[in-house]
Structure formats: structure tokens, C-alpha cells
Amino acid sequence: MPHKSSSGSAGNFFPEKHSLPAFRAAAADCKACDLWKRATQTVFGEGRRTAAVLFVGEQPGNEEDLIGKPFIGPAGRLFDTALEEAGIDRSQTYVTNVVKHFKWEPRGKRRIHKKPNAGEISACRPWLEAEIALVKPKIIVALGATAAQALLGPKFRVTKQRGQLFESTLAPYIMATVHPSSILRAPDVETRHLEHRQFVADLKRLARILK
Ligand code: SF4
């Protein structure tokens, strides 16, 4: 089937059948914004269909783009460790991103992450809303400022409001914390350990809510 041209909304690429496998297959052909052009593939969300918690990051990174799965690169490995420390089984969760294609710019031979803009986030939002509607999580956890502001508004500040519960029309509750990649970018080992402990503390709060 020929690809549809850019439309500005992922909703125009929705499948007839509303199931996660059908959405994942349809998203593979999405061209609703320009990010598909330089990415390897769409990285759709993954996890338990009936997960009580749905984590939302910003976008796939370099490894995720190459392999096609969310949260498997360095930040994903840190995320797994932190979840384990908090007593949360990743296989019982659903993980996804606000934007499903890797946005990057070249630096030498490396592909460096570039923040998606408001138009790209808006174009991709129907995929995220479809995932939330099908999984029906008890709580959505936004990882990092891009996801938090997409879900809780542009004035939301992760530094000040992390770990708090907010009621939402998308799920009973939304909570935000940092993105694990920000911990990897900490300027020194001591700061990194401190930020890791704070991240695990947020996840432990989440674990208590989930019980
Ligand atoms: S980033 Fe989202 S809206 Fe843009 S092409 Fe990829 S899947 Fe479609």
C-alpha cells in the first residue's frame, strides 16, 4: 500500500481495529510529522496490555531506534535497575514515549538526541492517547520534562512537582519524575548517586500507590 503523505496528526493513520497490535502495525507507517524521515523505524510502546502503570518518556534514543524497542539503551538499563530497587516488575508495566520516532542531529559520527518540538509532540499524541485508552492504567508516570509538560501542561516543573499525584482525564492519576537519561548526564559520580536515589524514592512512592 502506498504511504500516506504527512498529515499533521497520527490520528489519520489509525487502523480500523483498535487493539495494541493493530496500532503498533499502523504506527510503523506513520508520516504525520517529519521525524520518520531520519529515523530507522517507529518505536511503539511495549508492555503488559493491562498494566496498572504506564510510563511515558520523551522519545526513543539511538539504541531504541536501531532495535525498535522502547527503553533498552543506557537510560533503559538504568530504568530497569531503579524499578528493581523499588520493587516494581517491569514486565507488569507498559512503557512508551510521547514521540515515536528518534529525533537527532549529527555530531561527528554520533547521532545526538534532539528535543521534539510542540508540532511533533502534538502530531504524535494520538498514538499515546490510543495506548492509554487501551491499557487503561491506574497511574501514568511521566519521565522527564517533555513528557510531564505534554501530560500536565507547559507550566509543570519536574524539579518542583516530582512525585506528586495529579488527577487527570487520561487516567485516575498522573505523576512525574525525572527521565533516567538525566541521571546519566549528572556532572559527577556523587550527584549521579544522589539523583539515582531520588529517582528510586519516587518509584518506591509509586510502588506503594500500586499496592
Ligand atoms: S514522530 Fe509520531 S507523528 Fe511523527 S511520524 Fe513518527 S509516529 Fe508519526
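Around the ligand stand C30, A32, C33, L35, V99, K100, H101, A123, C124 and W127, each with a heavy atom within 4 Å of it. This is a predicted model, where local features need pLDDT of at least 70, side-chain atom pairs count only at pLDDT 80 or more, and totals for chains, interfaces and linings use all residues. Residues are numbered from 1 along each chain as its sequence is written, and side-chain values use heavy atoms, leaving out hydrogens and water.

**Exercise 1.** Sort the shell around the ligand by class.

*Solution.* Start with the classes: Ala, Val, Leu, Ile, Met, Phe, Trp, Tyr, Cys and Pro count as nonpolar, Asp, Glu, Lys and Arg as charged, and the others, Gly among them, as polar. The shell then has 8 nonpolar, 1 polar and 1 charged residues.

**Exercise 2.** Describe how helix α1 (residues 20–27) lies against α4.

*Solution.* Helices are DSSP runs (H or I, at least four residues), numbered from the N terminus. First, find the axes, lines fitted to C-alpha atoms over the stretch in contact, with angles from 0 to 180 degrees between N-to-C directions. Those of α1 and α4 come within 10 Å and cross at roughly 170°. The pair is therefore roughly antiparallel, a term for angles over 145 degrees. Next, list the contact (heavy atoms within 4.5 Å): L20, F23, A26 and A27 of α1 meet W127, A130, E131, L134 and V135 of α4. By class, this contact has 8 nonpolar, no polar and 1 charged residues.

Methods: Helix = DSSP H or I, 4+ residues; strand = E, 2+ residues; numbered from the N terminus. Parallel < 35°, antiparallel > 145°, perpendicular 65-115°, else oblique.
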